[in-house]
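Here's a quick tour for anyone meeting this structure for the first time. Have a look at it below, then read on.

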Amino acid sequence: MTMQTVSLNKAYGGTQGVYRHASQETGTDMTFSVYVPPHAAGAKLPVAWYLSGLTCTHANVTEKGEFRSACSELGLVFVAPDTSPRGEGVPGDPANAYDFGLGAGFYVDATQPPFARHYRMWSYVTEELPKLIAENFPVDPDRQSILGHSMGGHGALTIALRHPGRYRAASAFAPIVAPSQVPWGIKALGGYLGSDRQAWRRHDAVALIEDGAKVPGLLVDYGDADPFLTEQLRPELLQGACGKAGIPLTLRKQTGYDHSYYFISTFMSGHLHWHAERLRG
């Protein structure tokens with residue numbers, strides 16, 4: 001697979017790049033960013049995958065996430081994909097709503113028309129893009145972790161739960177933990193996967209845990225001033241599921257914080273240090 005360099009900038013001794021390639025999974029061009037910290041020639045570095053939320057592209061965290069200082073210190077590669085396919089002919093929400101369609105791929109492989117052709121974000125994030133990253137960047141495939149925000153927190157948790165041997169750590173900022181039970185998720189999973197709610201369970205962190213999926217532990221932060229907390233995020237459901245399943249969960253309520261990148265950037269370094277501890281070795 002080939003890729004085009006969109007931009008390249010030095011930061012904290014490393015390199016922040018933005019890249020574009022033609023995706024076979026989505027049938028579109030896809031743009032992503034990669035930060036590579038300073039490192040010795042020939043070194044293979046641990047990699048942290050970051051999945052963004054509704055309405056976002058790779059650019060939101062790249063420009064606002066404040067991750068580069070920590071990644072430079074810790075020797076972490078940081079990869080940020082887009083949230084959905086984009087381009088001419090890619091269907092969006094007929095009403096142009098922000099919570100479905102373009103910018104809202106929900107990290108699933110759609111099965112329903114007209115979305116099934118292009119909306120294959122699960123396979124893109126878990127299969128196609130990792131192969132491209134491994135071919136072009138100094139990453140160690142045995143030392144990977146994943147984190148995300150909101151819809152991306154949903155993606156990070158479900159991907160980690162379904163690939164327990166691949167990711168050594170998983171964390172999230174204000175994740176949608178039970179999409180089958182909240183308006184954002186019901187709209188997205190119904191639109192992309194159809195009306196069979198059993199199929200939704202494979203893309204619902206709480207349902208996956210209830211069905212026996214395990215990870216060594218999870219870290220989740222949320223703000224008590226988040227306007228989506230009670231209707232869309234519902235972290236107490238994840239707390240209950242992890243408690244019953246015996247999965248260690250560090251669930252932290254951050255007083256006064258909302259759903260924005262001001263919140264994410266405040267706690268990003270702490271998450272990356274938490275990941276680095278689990279990626280060593």
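**Starting at serine 269**

Serine 269 counts as partly exposed because its relative accessibility is 31%; partly exposed is the range between buried (under 20% relative accessible area) and exposed (over 50%), using a 1.4 Å probe and protein chains only. This is a predicted model, where local features need pLDDT of at least 70 and side-chain atom pairs count only at pLDDT 80 or more, while totals for chains, interfaces and linings use all residues. Residues are numbered from 1 along each chain as its sequence is written, and side-chain values use heavy atoms, with hydrogens and water left out.

**Around helix H10**

- Serine 269 sits in helix H10, which covers residues 261–279; helices here are DSSP runs (H or I, at least four residues), strands are E runs of at least two, and both are numbered from the N terminus.
- Along the sequence, serine 269 is 202 residues from phenylalanine 67, yet their C-alpha atoms are 6.4 Å apart in space.
- Histidine 271 is also part of helix H10, and it counts as buried because its relative accessibility is 0%.
- Leaving out residues up to four places away in sequence, histidine 271 touches Leu147, Ser171, Ala172, Phe173, Leu219, Asp221 and Arg252, with contact meaning heavy atoms within 4.5 Å.
- Methionine 268 has its own set of contacts beyond four places in sequence, among them Tyr50, Phe67, Phe78 and Leu147.

**The nonpolar core**

- The largest nonpolar core has 91 residues, and Phe78, Tyr192, Met268 and Leu272 touch the most other members.
- Helix H10 is the top contributor to this core, giving eight residues.
- A nonpolar core is a set of buried Ala, Val, Leu, Ile, Met, Phe, Trp, Tyr and Cys residues joined through side-chain atoms within 4.5 Å.
- In soluble globular proteins, nonpolar side chains tend to be buried together.

**The whole protein**

- You'll find 10 helices and nine strands in the protein.
- The radius of gyration is 17 Å, close to the 19 Å that the globule rule gives for 281 residues, so the protein is as compact as a globular protein of that length; the radius is taken over C-alpha atoms, and the rule is 2.2 Å times the number of residues to the power 0.38.
- Its C-alpha atoms fill a box of roughly 50 × 45 × 35 Å along the principal axes.
- Of the 281 residues, 59% are buried.
- Among contacts with a separation of 6 or more, 73% join residues 24 or more positions apart.
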